[in-house]
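I opened my notebook for a friendly walk through this structure. Let me set down what I looked up, entry by entry.

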Amino acid sequence: VDSVENQLLTVLQMVQTIDSKQNEAAVLEAMRTGKDALQKMHEQTTVDDVLELMDQIQEQADVEKEVSTLLGQGHESAFSLEDEAAIEAELLALDGGDAAVAMPEVPTDEPQSLPVAPDTKLPDATTITSQEETGRVALAS
């Protein structure tokens, strides 16, 4: 009986070892596939490509920062006090010396009277026979 149990235990250990080796083989195959995929991606995109892209992004960020600074949206004003005074003087000169824009006058007199709308019911399209006799043609809708 002991020898049968030992043989059964040996068979179970062998089955367990086979399962473990199959799992290891699957993991190794997955790692090999991942390595191949990464290798293909690295062939398509080199380190130089990445560095060039990063430089282009930095250049665009610098341009955006410069534009924001020039527009006065940065932390510091791009214009000195003398520049701002000259700009204000030029604006006043363009406006004709008057800083306030002249608005048109609002009429204060009574509004014109509107025509009175008729309060009677309009005739039906089928009862226009008298108008057809006078030469008018009515279209029914």
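Which residue takes a positive phi just after H2? I looked it up, and Gly-72 is the one, with a phi of about 85 degrees. A reminder to myself before going on: this is a predicted model.

**Entry: the span of H2**

I stayed with H2 and checked its length. The helix has 24 residues, so at 1.5 Å a residue I should find a span of 34 Å. The C-alpha atoms at its ends are 35 Å apart, which agrees.

**Entry: charge on the surface**

Next I looked for gathered charge. I found a patch of negative charge on the surface, formed by Asp-48, Asp-49, Glu-52, Asp-55, Glu-59, Asp-62 and Glu-66. I picked out one member, Asp-55, and placed it in helix H2, which covers residues 47-70. Is Asp-55 buried, partly exposed or exposed? Its relative accessibility is 49%, so I wrote it down as partly exposed, since the exposed class begins over 50%.

**Entry: salt bridges**

How many salt bridges are there? I counted three, and I took them one at a time.

I began with Lys-21 and Glu-24, whose closest N and O atoms are 3.6 Å apart in a salt bridge. That falls inside the limit I was using, which is within 4 Å. Both Lys-21 and Glu-24 belong to helix H1 (residues 2-44), where they sit three residues apart, about one turn of the helix. I also checked the cover on Glu-24: its relative accessible area is 41%, so it is partly exposed.

Then I turned to Arg-32 and Glu-29, whose side chains meet in a salt bridge at 3.0 Å, N to O. This pair also lies in H1, and here too the spacing is three residues, about one turn of the helix. Arg-32 has a relative accessible area of 45% and is therefore partly exposed. For Glu-29 I noted 42%, so that residue is partly exposed as well.

Finally I came to Lys-35 and Asp-36, which form a salt bridge with the closest N and O atoms 3.0 Å apart. Lys-35, at 45% relative accessibility, counts as partly exposed. Why did I put Asp-36 down as partly exposed? Its relative accessible area is 33%, and the partly exposed class lies between under 20% for buried and over 50% for exposed.

Notes
Residues are numbered from 1 along each chain as its sequence is written. This is a predicted model: local features need pLDDT of at least 70, side-chain atom pairs count only at pLDDT 80 or more; totals for chains, interfaces and linings use all residues. Side-chain values use heavy atoms; hydrogens and water are left out. Patches are made of residues with over 30% relative accessible area and no salt bridge: like charges are joined within 9 Å, nonpolar side chains (Val, Leu, Ile, Met, Phe, Trp, Tyr) within 5 Å. Accessible areas come from the Shrake-Rupley method with a 1.4 Å probe; for residues, only the protein chains shown count as cover. Lys and Arg count as positive and Asp and Glu as negative; His and the chain ends are not counted. The place of a charge is taken as NZ of Lys, CZ of Arg, CG of Asp or CD of Glu. Helices (H or I, at least four residues) and strands (E, at least two) are DSSP runs, numbered from the N terminus. Buried means under 20% relative accessible area, exposed over 50%, partly exposed in between (1.4 Å probe, protein chains only). The expected span of a helix is 1.5 Å times one less than its number of residues.
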